[in-house]
Amino acid sequence: MNASVNLSAGAIAPQPEPSAGVAKFLALKPRLFINGEWVEARSGKTFQVFDPATGRQIGLAADAGQEDVDRAVAAARNALESGPWSTMKPADREALLWKLADLIDRDAAEFAEIESLDNGKTRFMASIVDVPGARNYFRYMAGWATKIEGTTMQTSMGAPGAKFHTYVVREPVGVVAQIVPWNFPLAMAAWKLGPALAVGCTCVLKPAEQTPLSALKLGELIREAGFPPGVVNIITGVGEVSGAALVAHPGVDKIAFTGSTEVGKIINKTATDTLKRVSLELGGKSPMIVLPDADPATVAGGSAGAIFFNAGQVCTAGSRLYVHSSIFDRVIEGVSAAAAKIRLGPGLEQATEMGPLVSKEQQERVLGFIESGRKQGATVTTGGEAPSHPGYFVKPTVLVDVNPDMRVVREEIFGPVLVAQRFDDLDAVVNAANDSPYGLAASIWTNNLTAAHRLVPRIKAGTVWVNCHNVVDPNMPFGGYKQSGFGREHGRVAVEMYTETKSVCIML
């Protein structure tokens with residue numbers, strides 16, 4: 001199937017067949033990656049993997065249980081304390097991470113196809129965002145392996161004339177359990193593994209049960225790159241079983257989780273039993289504030305990209321749009337027109353502009369939010385329904401006539417649904433933007449940089465963009481205020497998040 005195929009207006013194209021290489025990968029026996037080897041789950045249990053564009057099964061994954069988690073954690077502990085990883089030079093860790101990045105580059109086409117089939121996003125988007133993003137992230141973090149620094153200091157203790165040599169070092173936090181979400185499976189795996197491996201930790205990675213495939217493909221390359229056995233272990237399974245076992249495991253020193261706030265709270269409570277280190281990157285309900293001097297056409301395009309990118313399945317999605325009354329109608333007309341033109345379809349079809357949601361459950365959740373908005377008085381300017389197709393599609397949707405008490409305004413929808421409100425008073429819109437349990441990101445749209453600089457400190461969010469949205473960089477800390485979590489991905493702070501600080505004092 002190609003872009004020249006004639007389809008009726010709004011019709012969804014069939015999903016093309018996967019390439020021979022990807023078809024071979026999908027047919028592999030269900031397996032876990034533990035201690036450098038591919039092994040079956042001890043129970044022999046598996047679960048189905050579906051193509052969200054068709055609702056059809058495309059493969060099976062091993063369903064890890066407590067015994068498998070025990071094996072993976074033991075392998076990681078052994079690699080940390082006894083294997084070659086424990087004595088490896090930082091430059092050698094750096095070289096391994098660069099080698100892994102090179103292998104991702106080599107297999108980029110297959111990764112993009114796998115990510116599309118598993119998650120529903122377009123192969124094109126995976127090829128320009130997810131796959132190169134993961135590659136570049138490993139390369140960036142590779143450089144940190146040789147740049148972990150300590151400090152020396154003078155002390156004021158002891159008797160007159162006493163001499164001390166006092167210094168501080170950073171050491172790997174230990175065995176890290178890393179649980180990643182289904183919206184950017186490969187990229188999130190890189191965000192977790194990169195800094196942990198750079199500083200010398202060992203890892204047990206658990207992808208979301210909805211999207212296990214790219215993590216397993218990454219496991220093949222980790223083995224090929226030459227990482228010592230047990231340094232990275234990859235287990236697939238249901239979160240309530242294998243994920244919960246990881247969080248509670250006494251052999252795990254740190255939990256790094258990206259996902260919903262609801263699950264993050266459960267993880268944080270469970271981790272207190274063993275006082276594990278925890279970092280959480282959780283949900284968001286990111287506001288976009290549009291000042292009266294902004295260009296309506298620019299804002300319309302920017303807000304459409306902010307909410308409909310990855311079918312709205314983005315923790316920083318610009319889901320709450322606040323536009324000054326003087327340009328509100330023009331912005332809504334523009335973003336609604338842009339939404340209506342987005343071509344839905346399967347990810348492997350090259351004409352597709354937006355794929356399905358990840359699962360039937362997520363589709364029903366998003367449609368339920370839209371219906372609740374209607375019942376509470378919101379007006380749908382475009383979209384608002386699922387097309388007649390077996391895949392998990394939802395049309396890009398814009399809601400107006402909303403108020404702060406509606407569920408669609410207060411709760412994270414995690415789908416292609418924009419709620420738009422007008423404002424006249426700047427103080428009132430700042431209060432509205434901050435009136436949320438979340439604080440992950442926000443954006444401000446204006447040609448007045450003075451106004452932007454005055455607004456930025458007033459917005460309670462971990463990232464504030466100006467005249468852009470959803471821009472991330474490996475060197476720019478990323479994380480949230482309030483119930484959007486704690487800890488930061490990217491940059492020096494992410495590296496330090498995977499270390500413990502040790503003070504050493506020697507009396508001379």
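Which residues does Ile234 touch, not counting residues up to four places away in sequence?

Mentor: Happy to! Please keep in mind that this is a predicted model. Ile234 touches Leu32, Phe33, Leu205, Pro207, Ala215, Leu216, Gly219 and Ile222. You will find Ile234 itself in strand 9, which covers residues 232–234. Its relative accessibility is 0%, so Ile234 counts as buried. Pick Pro207 from those neighbours: Ile234 and Pro207 are 27 residues apart in sequence, yet their C-alpha atoms are 7.9 Å apart in space.

Now let us move on to a pair of helices. Two packed helices are described by the angle between their axes and the distance between the axes. Helix 5 (residues 123–144) packs with helix 6 (residues 185–199) at an angle of about 5 degrees, and the axes are 9 Å apart. Angles under 35 degrees count as roughly parallel, so helix 5 is roughly parallel to helix 6. From helix 5, the residues that meet helix 6 are Asp130, Val131, Ala134, Tyr137, Phe138 and Met141. On the helix 6 side, their partners are Leu186, Ala187, Ala190, Trp191, Leu193, Gly194, Pro195 and Ala198. Sorted by class, this contact has 12 nonpolar residues, one polar and one charged.

Two names from that contact, Tyr137 and Trp191, take us to the aromatic rings. The structure holds six aromatic pairs. A pair of aromatic rings is described by the distance of the centres and the angle of the planes. Start with Phe184 and Phe309: their ring centres are 5.9 Å apart and their planes are at 35 degrees, so this pair is tilted. Phe184 lies in the loop between strand 7 (175–179) and helix 6, while Phe309 lies in the loop between helix 10 (296–308) and strand 13 (320–324), so the pair ties together parts that are 125 residues apart in sequence. Phe184 has a relative accessible area of 11%, so Phe184 is buried.

Trp191 and Phe478 form another aromatic pair, an edge-to-face one, with 5.5 Å from centre to centre and 70 degrees between the planes. Trp191 belongs to helix 6, and Phe478 to the loop between strand 19 (463–466) and strand 20 (481–482), so this pair ties together parts that are 287 residues apart in sequence. Both Trp191 and Phe478 are buried. Together with Tyr137, they form one aromatic cluster.

The charged end of Arg31 sits over the ring of Trp38, at 3.9 Å from its centre. Likewise, Arg407 lies over the face of Phe369, 4.3 Å from the ring centre.

Let us finish with two backbone angles. Lys482, in strand 20, has a phi near 50 degrees, a positive value in a residue other than glycine. Its relative accessible area is 42%, so Lys482 is partly exposed. His490 is not a glycine either, and its phi is positive too, at about 80 degrees. Look for His490 in the loop between strand 21 (485–486) and helix 16 (491–497). With a relative accessible area of 1%, His490 is buried.

Notes: Residues numbered from 1 in each chain as written. Predicted model: local features only at pLDDT ≥ 70, side-chain atom pairs only at ≥ 80, totals over all residues. Heavy atoms only, no water. Axes fitted to C-alpha atoms, helices over the stretch in contact; angles between N-to-C directions. Helix = DSSP H or I, 4+ residues; strand = E, 2+ residues; numbered from the N terminus. Parallel < 35°, antiparallel > 145°, perpendicular 65-115°, else oblique. Contact = heavy atoms within 4.5 Å. Nonpolar A, V, L, I, M, F, W, Y, C, P; charged D, E, K, R; others polar. Phe/Tyr/Trp six-rings, centres within 6.5 Å; stacked < 30°, edge-to-face > 60°. Buried < 20%, exposed > 50% of the residue type's maximum accessible area, 1.4 Å probe, protein only. Lys NZ or Arg CZ within 6 Å of the ring centre and 35° of its normal.
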